[in-house]
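Student: I have a structure open and would like to learn how to read it. Can we go through it step by step?

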Amino acid sequence: MLSSVTAEVQDAILGEDPSEGALRTVGLSVLSLVASLLCIFLAPGFALPVLAAFVVVTAFGWRTHQAEIARLLTLVATILTVLTVTLITVYLFFSAFPAFTAHGIDLLTIPILESGPQWFFWLDFVLPTGETIWNPRAGVYSLIPLIWATVIVTTIAGLIAAPLGVLGALFIAEVASDRLREAIKPGVEILAGIPSIVYGFIGFKVLNGFIQKSFLDDGASFLIAGLVVGIMALPTVVSVSEDALSSVPDAMRDGSAAMGATSWQSMKSISVPAASSGISAAIILGLGRAIGETMAVAAILGAVVQPTVPLFDMFDASSTLTSAIAHNYGSATESTLDVLFVAGVMLFVIVAGMSVISQYVERRINRKLQGQQ
Amino acid sequence: MSEGYAHENELVSAESNLYDRAMDVGIALSITTFVVGMITFADGVSLAATGMELVTFFGILLGVVAGGVGIVAVFSYTNVVPITSQRVRGVALGLLVSLVGLAVAAAALPVSLATMLGLVMIVEAGLLVAAGAGSRFGFVETDPSMSAGLLAGIVFGLLGAAIGAVIVASFPGVPGVIAGVPLWALGGLLFGVGFVVLTVSPREDIGSTVPPALIIGILGATIATAVIGVGWQWTPENLSGGFTGGSVIPVFVLFGSLLSSWSAAKCRADFGARGRQYGAFFVINLNAFLMVAIMAAIVVFVAVKGIGWAFHDFSIGALSLLVVLAPLLVLTVQRARAPAGTDEWHSAARQFFRVLPLAAVGSFAAMLLGIIVTGTPFEIPYQYAILVDRSTVMLDTAFRVTPSLAVGNLLVIVSGTLLFTYFLRRYGSLRDVGIEYERLSPVRQAVPAVIGLLVLLSLVFVGIGPAPGGIPIGPTVGLGLATLGAIVVAALVLAPLGALLTGEGSLAERAHENAQLLNVGLFSGVALLFAVIVLEWTAVSNPQLGPLAPVPTVALLAALVSICLAAFAARARRSTDDTLRHRVLGEEVTLALTAAAGFVTLIGLHVAATSETAFAVGPVEVAIHGSLSWPTVLQGAIPLGQAPGGIYPAIVGTIWIVIGASLFAVPLGLGAAVFLTEYAEQGRFTEVVETATNALWSTPSIVFGLFGAAFLIPRLGNSLSLLAAQLTLAFMLLPLVVITSREAIKSVPDEYRDASAALGVDRWTTIRSVVIPAAMPGVVTGVILGVGRIAGETAPLILVLGSEINATNAIDVLGGFAFTTSPPFITNEALLNSSAALPTQVWGIITAGVSGSTSKGWATAFMLLVVVLSFYAVGIIARTYFRRKINYE
């Protein structure tokens, strides 16, 4: 039992058939690394010197048994990466736990307006209702307005990003000449690279004034936030659906062309249906970006947390899940912090879930198009 | 689509007639209205404009379009950008025609812009109906299908229903409800069904022109009759906002012109399958154009807003600018020298565009020389607004180029290094060329040994300090060794010049024979002098022999000698016909230029390494403080001052964050990618890791911020800190590095690995010398793009780094390291302190409300955009470069 475990560990670290010297070198290196990891948690002060020892040992090992040490180093990198990913996930849930236990279902309190509880898809039969929905001093927190604000902003953004993005992807993948494609693709990438805070600053300084004049609003509004986030999500939709369209085998299009179809006909009836799951994956990913967008939304919508009345008023404003964290974290009390972690966990679960779904969809379509199904 | 598939718009591009021309004008008119709609939306022109104002507006538009069309026409005529499609030509002409028409109409009719847009929409509707009817009654030969199709029917049905509902609801004096059903719903239903029938039941030429024409006509009539005029307002009771004429009219115009351009495009291509294709492609193209326009608008807008402050009080010496220009000059020369392609008749035009950059850079350089010679500074004065005590103040400032001859050492180093690497990459090899002198081989062996000794000595000085126990060992030893080294370098460099100038045979023969002398002399010279400068730095010594400093003097001398060598070799190269000799001499020229760039760089390095403030030759000097003055980038904020100060601390902070995050994430991610792709068994484990990393990459950045603030900060001294920011962003970068590196490694063909294995090479050596080099381009590009994204990331930083807006001092990371006797033995105060950064500074200005300086915000956003987009530009250029290399080699 024990020996088989040892053998497996040895196999993982060294591969097959290690020599005696390699075993010693790599063993020493692993020992020093484990020691330094232990130090980080037990005696942080000594972590750096022990780490230095690991570096020295490994450096000497590199001279004598390069292959084994290289394998070890890549393995260590993998383990650290996996550990980081796990640590972030676990720690988030762990930090949100106190708020879950303290508030429970009250975190989803539906606001009461003059005419009774606000209509919220008949959910007031299930969820609690309350007069106040966000008052850190009294310890009352409801995430409903935040969630609803996120929903509105994401919907507007999706309405903009999805059609424009798919059309853009069609242009790049099917319509544009090679030369034009070389020019437009980097353009889309650059659009993705403009930092969100720059969008936020433009929205805050310019667009909020524009909406006051043209739409008689008091400044902050979901409409502008959704518009800006839609433009920000556009590149994601474009590039992922472009990948999907490009991965449709040429043979399918050639077949359609051989039947005498125009390129629009084969695009409409062959490429888009074949890539449809990839395109939906792109839209899901784009929506994920829109949900997670923080700075532009925080700058445009401000820090107020309030119910949207009436529910579909796109000229109203309230913090979203993300912007509430950005606005409140610095000045928050202990209990508010815990609630913000709940918001963070929600975001994490929703967006990571969307990403996993879109990856699943993408993988399925790839298998299908490669004819393995 | 694979090649060989005929594009039918090129096949039908031969003939066209009146109908086609008219439809081209129709399309162009729609495009024009669309653009005008955009401009009114952005408040570029008032909807109430009339008379002269309107004529001027259309005149400007006409000018822009005529210029654009004219340039393209010239390019097309000279066959640089050949445009063969009749449709593109038709639309271009149509643009001119419709703008001339609009300008004339504006002069003739006494109406406002809004009314005029409404009238234009009615005209468009009429044109569509005429085209549809003409086709239906056989006046023009077209190829329509039996029906416009159910999809079009549904779309027009929905649009019709919406219009019907609004019309009925807003009709005065009609009862709201009949028999329990709201009347607007009935109206909507009626209109909707009517539109569906009108679209689906007639032949396609009617079905796809009349319904859109009706919609456009109704919208146009609403605007033209001022039912919805400029001053119109509607505030629904329970919404927080409302609608004004200023916002509704442009929306109507945009929507109507989009619809009419689609329909007109369909008409233009004679309906049927081809018509549908042209219509759809038209919309797709317009959308792509719109996307690019949005991107350009954002970048240009931020640049225009921020450039005022960003270049406040900017001034630079003409010589410094020349130094900066030097690499560019070399590049443009190289471009102009490259073979100009075939001897087709239009190659003259291509030749022209090959030389154009050189002409531009060259004339700029000539202007700079003029500034130096005449001594008159060049100034562009301008004004920009800043906020002082909550009120806007206009500041006068200027962009200056002074005739100063001082050059900052940093500029020299950067420019020199760029040129050095450029030439070195072009340089091939001179191995086994010419005579191998016997006395050369001891030099070959001695130089590396001497350099090794010098480096070892430098390390010793780092360890014990330059003056242990108060005895100035460093300066003394430095004086001796540096002087000696300089003399040796001078000898090494002068030897090939001597050999070239004296001796038998022609210049070319001598240059060929003495190739080894050149090779050893120049390379050893650069390397030896570099080692000497390192010693100067560590030993804190700055040898002076009377008025002369031997090291920079020798460097200057060597640079001049190298240039002479290059000139002689180039001259010899001209005179020889022998192909081999021609190549050898070409190599020698490149080598000499490499050395010249290297020696110039060393002058800059010498100034940086010693405490000397400047190295001057006559009026020209290389100094620590050159003639570049750029307060915004090189200064911190000035508290309570009238002068606006700069954002240097934020720039430095961003740079350190990016460096720290990359140092952590890149090796880790690359290692993990290698293991996962090359060692690990492909299966469940790798798939889970891949899914997890992908999910983590799309996780909102603010979540990483939460993690950093709650997990890292308590463990790193419990305060906002640079280190926490670096680690948080590293966690964000890590998944991307893993993903892109894995993809790059996966895309290395298995044949490479098999071939390597077949040669008996073990796994690690295969990875190291086959897989990683092949995957490197992909990895590098992906990492650069990821780093660009990280550089602009804000959300996590405001949680772990704060949002300082008026930092006066930059964080000093390099100077922050200190050794202690107690664990952890090495500390860095700077890393554990908060710092300003570009993105957080913008956020800070937003949250500061009225006390935040807007102009500073724009300038910071502009600089941030410049930093991020430079990363992207480098990444994209690198990718294109590598792809070309892979495809053509």
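Tutor: Start with the domains of chain B. The assignment gives domain 1 (8–147 + 204–236 + 245–302), domain 2 (149–201), domain 3 (315–337 + 347–404), domain 4 (413–613) and domain 5 (647–888). Keep in mind that this is a predicted model.

Student: What separates the centres of domain 1 and domain 4 of chain B?

Tutor: Taken over C-alpha atoms, those centres are 67 Å apart.

Student: How do I read two packed helices?

Tutor: Use the angle between their axes and the distance between the axes. Take helix α18 (residues 515–538) and helix α19 (residues 550–575), both of chain B. Their axes come within 11 Å and cross at roughly 160 degrees. Angles over 145 degrees count as roughly antiparallel, so α18(B) is roughly antiparallel to α19(B). The crossing is left-handed.

Student: Which residues of α18(B) and α19(B) make the contact?

Tutor: From α18(B), they are B:Leu518, B:Leu522, B:Leu529, B:Val532, B:Ile533 and B:Glu536. By class, the contact has eight nonpolar, one polar and one charged residues.

Student: And how do I read a pair of aromatic rings?

Tutor: Look at the distance of the centres and the angle of the planes. Over all chains, a search finds 28 aromatic pairs. In one of them, the ring centres of B:Phe314 and B:Trp630 are 5.1 Å apart. Their planes stand at 85 degrees, so the pair is edge-to-face.

Student: Where do B:Phe314 and B:Trp630 lie?

Tutor: B:Phe314 is in the loop between α11 (272–310) and β5 (315–317) of chain B. B:Trp630 is in the loop between β10 (620–623) and α21 (631–634) of chain B. The pair therefore ties together parts that are 316 residues apart in sequence.

Definitions and conventions
Residues numbered from 1 in each chain as written. Chains lettered and ligands numbered in written order. Predicted model: local features only at pLDDT ≥ 70, side-chain atom pairs only at ≥ 80, totals over all residues. Heavy atoms only, no water. Axes fitted to C-alpha atoms, helices over the stretch in contact; angles between N-to-C directions. Helix = DSSP H or I, 4+ residues; strand = E, 2+ residues; numbered from the N terminus. Parallel < 35°, antiparallel > 145°, perpendicular 65-115°, else oblique. Left-handed = near helix turned anticlockwise from the far one by under 90°. Contact = heavy atoms within 4.5 Å. Nonpolar A, V, L, I, M, F, W, Y, C, P; charged D, E, K, R; others polar. Domains from an automatic or database assignment. Phe/Tyr/Trp six-rings, centres within 6.5 Å; stacked < 30°, edge-to-face > 60°.
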